[in-house]
Amino acid sequence: MTAAATSATPVTAGSEPVARAWGSLTVDVALERAGSSLRGLDEAEAARRSVNAARAPRSNRVRFVTVVLRQFRNAVLLLLIATAAASALLGDPAEAAIIGVVLLISVGLGAVNEFRAERESAALADTIPVTAIVIRAGIEKRIDAAALVRGDIVRLTLGALVPADIRLLSVEELQCNESTLTGESAPRPKSAAPVAPEVGASDAGCLAFASSVVTAGSGVGLVVATGIETLVGSSRQELSARLPETSFQLGLARFSRLLLGVAAVLVATIVITGIALHRPLIDTLLFSLTIAVGVTPQLLPAVVSSSLAQGARSLAKRKVLIKRLVCVEDLGNVTTLITDKTGTLTEGQISFSISLDATGASSPLPTIWGRLAVATSGEGAVADNALDEALLALPAPPGTPAATPVSGLPFDHERTLSSSLVELAGGMRWLVVKGTPEAVLARCTTGVGDARAVVEQQLMAGGRVVAVARRPMSASSDTSDTVVAADEAGLEFLGLLVFADPLRADAGAAMERLAGLGIQVVIATGDHPLVAARLAAELGHRVDTVLTGADVDTLDDDALRARLTGWAIVARVLPKQKERLVRVLRARGDTVAFLGDGVNDALALHAADAGISVVTATDVARDAADIVLLDKSLDVVADGVEEGRRIFQNTMKYLLMGTSANFGNMLSASAASAFLPFLPMLPTQVLLNNLLYDSSQLAISTDHVDHELTRRPSHWDLGLIRRYMLVFGVLSSLFDFITFAVLLGIDSSASTFQTGWFVESLATQGLVVFVIRTRRFPFVRSRPKWVLSVAVIASIVAGWIVPFTPIGALFGFTAPAPSTLLALLGIIVGYVIVIDVAKRWFFRPRMAHQL
């Protein structure tokens, strides 16, 4: 087979001449031009070429300018700009300048925090290794893909990311997904045959491109371009599709729409009131714009970014790398975890146990021929999976014949076996087949005996069992070098290879911890149901449901949802069935996390709300995941869930406190504007108030979260936010009107009134943080983090000092009298007490068991 039938346009033509030239060369000519051979380069030559090798730019580079420009997508900042422009046009440059300074500070705080968060996320992503299997001086080794040079010989395996632009030298049913280059999701079949010189690079079936993924088969190829010289590296376009928004991002969007509606109502009310009272239209419009700004938490993006970045840093210390910051919070919302068992419930350290014949007696034959079935067996071989790795780690048993691998048929999840054609001394060829016992035994015609009973016995003991069989393929002169699936028939059964993967010591405790977090666990494994049942018995955990992949196929979605309750095990599951499990549970309303590390897990990782993989996973699984674990442990997953919930709760603290306080203040200002002969607070004063308060809330990302609030998943509840905003906003307004009455009774001047309300408003907003941040009794049963305490007190002190400084005059403040401050302190204390009582009433169904 040569080029794919369907033409595809590559992202860029930058590498087209190079790719086209290599695609038209025969294998021998390509090797000669690259100064290489099938044995690969030696280390000295590779080191020499490495000096001049083209390196790819950092894929995760974050640009500060981009982050700054992104701030202006915020509707609040656009309102600030409109207000400043209106002030300047209406002949009030001082106010315009003050608003401009507030704008710069808001943009600066948001940009700096977001830039820091994204840079830390990018740095973490850069620590996730991408490796390649390279052949140098005839010996295979796994190296950092960035160390490849032109002329290297690499081996491509199922699930690997193609590490460079490659001229294929040999293939075994190789197919690659090149959607990052062409936009086409269908895998492209590959071959080693050269194409005509006029065929474009993207249509050359003998070329594999960097960033594409091996979805089937295997191959060996010659590196012809690396780094920025590759087809993908030479493009400056954004290659990856826009990632779908997470539930957290969708929740923020819904919240923004809620605030927009509230702001629109307040603006309309102020404008109508101003017109009815015959006030200057321009002043009314300016004030209404300021109210719209004031009701909105201006630093929400910065607070969210700070929380997510702080959470990512905390998780990194616990061996969790976050590729997308927003996924930290989504991890906290998880209600169901689908995971395999290898490395999560078991140690993940596969060790060889015993080699048995069909009677259950010890026999070296399965080991001898099983080693021959690993097509890359020999010095410096790199195994494709943990079972082969354990097999190759064994010393060759006595009587192992010298053999040369000829070709093979890679493992796939439909056949559940692999085959290797090997040639012995004298030219005799054998097809060696190994795989799941049921698949191999179904293809055997001789030597089976009591093998099925032996298999069941080993499975019930918890062993991982691989069956080995063979058939002669005649002499090399009489047979093809190609193996097809039809050859895997009429086999002679040789025996069984039994491997052990012991239970992790912390598996039982980790399962209990997840249950305590309200998370249902579904074990989806390719192992036999008997092995899964044995695992459950060792864990001492009650299993509510045991299904097989065959059961999944026979059940419709509703029936499958009904069966997946409690702790469930799904054995002998196929990749498409894993993806269906995710889809079915999400349709039930679950927030699903999927933990997987194999190529067969990519579909499910993409489909899950939170895709989790491990640093040792296949490239395609790691690439599909949002979160990468350095330690494949359910305890680490539980850490991530708790951190995600902590971040969500801290974000909700800011939203609930900020929106209720801002709504109350702006509601008071709107109402007061109807009867006061002056504005209750100048636009610049409103902005300064919001800036001081919001700046202090950047520290909320560090705050403690009450233990009980992390025990169950939390989700966006706009109804709760709306009720909270109305209840506590109205209470805030009630105390504002008490403040208005006191201030008007002391001094009816505009500046005194505005200054008094400014300091009272800032103090009540700040101090109430300590009450609202917990549903317990503040300071006694729940203490804030010291950073938050210092930030809040500092913002209040700064706000109270400003009226006594020359800067205060710029904002229209006058120094309040001591008696005024004393009266305001009484109102503030009363407000804090009432809010604590109201909090207990508001959350009373949820607090009954805590207070």
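1. Basis of the model. This is a predicted model, in which local features need pLDDT of at least 70 and side-chain atom pairs count only at pLDDT 80 or more, while totals for chains, interfaces and linings use all residues. Residues are numbered from 1 along each chain as its sequence is written, and side-chain values use heavy atoms, with hydrogens and water left out.

2. Overall make-up. The protein chain holds 30 helices and 22 strands, these being DSSP runs numbered from the N terminus (helices H or I, at least four residues; strands E, at least two). Of the 851 residues, 55% are buried, where buried means under 20% relative accessible area, exposed over 50%, and partly exposed in between (1.4 Å probe, protein chains only). The chain exposes about 34,100 Å², of which carbon and sulfur atoms supply 60%; accessible areas come from the Shrake-Rupley method with a 1.4 Å probe, and for residues only the protein chains shown count as cover. Taking contacts (heavy atoms within 4.5 Å) between residues at least 6 apart in sequence, 75% join residues at least 24 apart.

3. Strand β17. Five of the five residues of β17 (residues 520–524) are buried, so this strand is largely enclosed by the rest of the structure. In a regular strand the side chains alternate between the two faces of the sheet. Here Gln520, Val522 and Ala524 lie on one side and Val521 and Ile523 on the other, and both faces are covered.

4. Partners of β17. Two strands are taken to pair if DSSP finds at least two bridges between them. Strand β9 (residues 336–339) pairs with β17 in the parallel sense over four bridges, and Thr336 stands opposite Gln520. Strand β19 (residues 568–571) also pairs with β17 in the parallel sense, over three bridges, with Ile569 as the bridge partner of Ile523.

5. A polar atom of the Arg371 side chain does, however, lie 3.2 Å from the backbone oxygen of Leu391.

6. Gln697 belongs to helix α24 (residues 683–697) and is buried, with a relative accessible area of 0%. Leaving aside neighbours within four places in sequence, Gln697 is in contact with Val303, Tyr654, Met657, Val769 and Val792, and its C-alpha atom is separated by 9.0 Å from that of Val769, 72 residues apart along the chain. Arg580, in helix α20, is likewise buried, at 13% relative accessible area, and its side chain reaches the backbone oxygen of Val552 at 2.4 Å.

7. Backbone angles to check. Most residues other than glycine have a negative phi, and most peptide bonds are trans. Glu173 has a positive phi near 55° and lies in strand β4 (residues 165–177). Arg572 has a positive phi of about 50°; this residue lies in the loop between β19 and α20 (575–587) and is partly exposed, with a relative accessible area of 22%.

8. Salt bridges. With a salt bridge taken as a side-chain nitrogen of Lys or Arg within 4 Å of a carboxyl oxygen of Asp or Glu, the count comes to 29. Glu45 and Arg48 form one of these at 2.6 Å, N to O; both lie in helix α3 (residues 43–50), three residues apart, about one turn of the helix, and Arg48 counts as exposed at 52% relative accessibility. Asp527 and Arg464 form another, with the closest N and O atoms 3.6 Å apart. That pair links distant parts of the chain, 63 residues apart, with Asp527 in the loop between β17 and α17 (529–539) and Arg464 in strand β15 (residues 464–475), and both residues are buried.

9. The side chains of Asp506 and Arg504 meet in a salt bridge at 3.1 Å, N to O; Asp506 is partly exposed at 23% relative accessible area, whereas Arg504 counts as buried at 13%. Elsewhere, salt bridges that share partners join Arg513, Asp635, Asp639, Glu642 and Arg711 into one network.

Notes:
A polar contact is a pair of N or O atoms within 3.5 Å; within protein, one must be able to donate a hydrogen and the other to accept it, and residues adjacent in sequence count only if both atoms are side-chain atoms.
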